[in-house]
Amino acid sequence: MTARTTTVLVGAASLFAGLVIPVARAQRASGPLKVVQLTGLVGVKDNAKGTLSVENGQLHFVHGKASSDVSASSIQDVVTAADSQRAVGGTIGLMSMAAPYGGGRVLSLFRTKIDTLTVQYRDADGGLHGAIFSMPIGTAEVIKKDLVAQGARTTATGDSTPAATSSTSPSKEQKQ
């Protein structure tokens with residue numbers, strides 16, 4: 001390899017590393033969060049970008065000029081998870097696949113971390129629905145806590161204390 005090729009490759013790798021290594025700090029949801037509603041809300045197209053907030057006992061999603069509300073009391077389950085997505089996508093990601101010698105495939109290795117929030121709820125007629133949102137890292141758990149505080153139910157508590165995981169093993173107080 002020539003020095004120029006090496007310089008170009010190192011520069012490209014540095015650029016993509018800067019895109020992939022975000023400063024991921026847990027955020028406090030003080031206001032509406034920018035999210036992507038992947039699927040599930042009635043009357044909202046899949047992959048709709050908008051803002052999500054919890055206020056007055058409602059999960060409020062605003063996209064464009066329209067909005068969608070889900071009552072916290074109708075939410076049967078709220079689940080959060082950490083995930084990742086491609087850092088370089090869309091047209092550029094697709095065009096890069098045509099790079100010679102498989103060079104475009106390297107772009108698929110670069111990923112960014114995201115949080116997902118899954119909500120299972122019942123509508124006014126009793127029909128069961130589910131909605132999935134993707135959002136910046138560290139924000140899904142905050143939304144979940146706000147929903148549970150306003151009346152939503154959840155089956156995943158995330159409590160992994162030793163007493164909760166094993167009821168047959170004696171605790172430290174019992175081992176004298």
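Student: Which residue stands opposite Leu52 in β2?

Tutor: Leu33 stands opposite Leu52 in β2. Five bridges join strand β1 (residues 33-39) to strand β2 (residues 48-55), and the two run antiparallel. Two strands count as paired if DSSP finds at least two bridges between them.

Student: What kind of model is this, and how are residues numbered?

Tutor: This is a predicted model, in which local features need pLDDT of at least 70, side-chain atom pairs count only at pLDDT 80 or more, and totals for chains, interfaces and linings use all residues. Residues are numbered from 1 along each chain as its sequence is written, and side-chain values use heavy atoms, with hydrogens and water left out.

Student: What is the mean pLDDT of the chain?

Tutor: The mean pLDDT is 75, and 60% of the residues reach 70 or more; pLDDT is the predictor's confidence in each residue, from 0 to 100. Over residues 20-29 the value is below 50, and this stretch has 15 contacts in the model beyond near neighbours in sequence. Contact means heavy atoms within 4.5 Å. Over residues 159-176 pLDDT also stays under 50, and there the model has three contacts beyond four places in sequence.

Student: How many helices and strands are there?

Tutor: The chain has four helices and seven strands. From the N terminus on, the order is α-β-β-β-β-β-α-β-β-α-α. Helices (H or I, at least four residues) and strands (E, at least two) are DSSP runs, numbered from the N terminus.

Student: New topic. How many aromatic pairs does the structure hold?

Tutor: It holds one aromatic pair. The rings of Phe61 and Phe133 have their centres 5.7 Å apart and their planes at 55°, so the pair is tilted. Rings of Phe, Tyr and Trp (its six-membered ring) pair if their centres lie within 6.5 Å; planes under 30 degrees apart count as stacked, over 60 as edge-to-face and the rest as tilted.

Student: Where do the two rings sit in the chain?

Tutor: Phe61 is in strand β3 (residues 58-63) and Phe133 is in strand β7 (residues 128-135), 72 residues apart, so the pair links distant parts of the chain. Phe61 and Phe133 are both buried.

Student: What else does Phe133 touch?

Tutor: Leaving aside its neighbours within four places in sequence, Phe133 is in contact with residues including Val35, Leu38, Leu52, Leu59, Phe61 and Leu117. Phe133 is also one of the residues that touch the most other members of the largest nonpolar core, which has 23 residues. A nonpolar core is a set of buried Ala, Val, Leu, Ile, Met, Phe, Trp, Tyr and Cys residues joined through side-chain atoms within 4.5 Å. The elements that give two or more residues to this core include β1, β2, β3, β7 and α3.

Student: Which strands pair with β7?

Tutor: β1 and β7 pair in the antiparallel sense over three bridges. Eight bridges join strand β6 (residues 111-122) to β7, also antiparallel. Ser134 in β7 has Val36 opposite and Thr116 opposite.

Student: And α3, which of its residues are buried?

Tutor: The buried residues of α3 are Ala140, Val142, Ile143, Lys144 and Leu147. Val148, which also lies in helix α3 (residues 140-149), is partly exposed, with a relative accessible area of 35%. Gly151 follows α3 and has a positive phi, near 115°.

Student: How much of the whole chain is buried?

Tutor: Buried residues make up 28% of the 176 residues in the chain.

Key. Buried means under 20% relative accessible area, exposed over 50%, partly exposed in between (1.4 Å probe, protein chains only).
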